[in-house]
Amino acid sequence: MTTRARSFDAAAALYAAHRPGYPETLYDAVEELAGRPLAGARVADVGAGTGLGTGPLRRRGAEVVAVEPGDGMAAEFRRAHPDIPVVRGDGDRLPLATGAFDLVTYAQAWHWTDPARSVPEARRVLRPGGALAIWWNDIDESVPWVAEQGARIRAFFEVGEGTGFRTLPQGIDSGFASRTVAWSRRIPLDAHLANLSSHSAFLLLGEEGTRAFMAAERARLEGLFPDGTVEEPYTVALHVARNP
């Protein structure tokens with residue numbers, strides 16, 4: 001898991017340029033489920049990466065501190081968000097004060113933690129009545145071309161459907177309230193393929209190991225999107241639990 005998580009460091013600029021962000025409606029849902037506005041909230045964004053989730057939190061008026069373990073990702077974060085403090089650490093060992101935060105967020109990052117450690121750490125740094133918000137942004141495989149692409153990717157890596165490692169943590173007294181947010185973006189075909197190549201499984205194989213797959217994928221998608229623009233459909237699964 002650590003090897004996969006740290007694979008992003010060497011590709012931080014690629015990640016920042018081509019990974020999807022999040023829609024404003026997601027942050028509306030975070031506010032609703034957390035029971036408070038983001039404006040004025042003290043927020044720790046853990047596993048912040050290049051700041052795709054952190055930047056919007058700041059723009060909504062939150063007082064944000066980013067936590068990021070990777071050298072490359074933290075450097076890219078500082079370049080993109082020089083006005084947001086970033087500290088080095090991870091969810092299993094938060095370098096943050098006890099009871100100091102209204103909200104702890106994990107955008108695409110909870111699955112890199114050890115819940116036996118990260119749950120107590122999140123509860124420690126949250127103030128009473130604060131909230132833990134976890135979300136994952138996934139391309140929507142209810143769309144036929146996306147489902148077909150997903151099947152090709154799983155076949156390429158020889159993994160079965162439903163073998164993901166994303167699970168919600170146990171030991172949260174209040175349980176989670178959940179919301180699904182659908183959205184989409186239109187991007188050039190080159191950007192879509194670059195987005196694919198920024199995922200950890202592709203990064204570990206490297207350009208040489210994935211070149212033939214990407215070339216075949218380009219040929220298929222050029223037939224589906226002759227104008228060179230791909231509409232990527234997404235669903236964000238948001239889960240929020242309030243601290244007692």
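**Notes on salt bridges, cores and one glycine**

1. The count of salt bridges here comes to 20, where a salt bridge is a side-chain nitrogen of Lys or Arg within 4 Å of a carboxyl oxygen of Asp or Glu. Keep in mind that this is a predicted model, where local features need pLDDT of at least 70, side-chain atom pairs count only at pLDDT 80 or more, and totals for chains, interfaces and linings use all residues. Residues are numbered from 1 along each chain as its sequence is written, and side-chain values use heavy atoms, with hydrogens and water left out.

2. Let's start with R60, which pairs with E31 at 3.1 Å between the closest N and O atoms. R60 sits in the loop between α4 and β2 (63-67), while E31 belongs to helix α3 (residues 24-34), 29 residues apart. Helices (H or I, at least four residues) and strands (E, at least two) are DSSP runs, numbered from the N terminus. Have a look around this pair too: E24, D28, E31 and R60 are linked in a network of salt bridges.

3. Helix α3 turns up again in the next pair. R179 and E32 form a salt bridge (3.1 Å, N to O), with R179 in strand β6 (residues 177-188) and E32 in α3, 147 residues apart. R179 is partly exposed at 29% relative accessible area; buried means under 20%, exposed over 50%, and partly exposed in between (1.4 Å probe, protein chains only).

4. Now for two strands. E231 and R186 make a salt bridge, with 3.8 Å between the closest N and O atoms. E231 is in strand β7 (residues 229-242) and R186 in strand β6, so the pair ties together parts 45 residues apart in sequence. R186 is exposed, at 55%, and E231 is partly exposed, at 37%.

5. Which residues touch the most other members of the largest nonpolar core? They are L26, L103, W135 and L238, out of 29 residues. A nonpolar core is a set of buried Ala, Val, Leu, Ile, Met, Phe, Trp, Tyr and Cys residues joined through side-chain atoms within 4.5 Å. Helix α3 gives the most to this core, six residues. Leaving out residues up to four places away in sequence, L26 touches W135, V181, V236 and L238.

6. Finally, find G49 in the loop between β1 (42-46) and α4 (54-59). G49 counts as buried because its relative accessibility is 6%. Apart from neighbours within four places in sequence, G49 is in contact (heavy atoms within 4.5 Å) with E68, M73 and F77.
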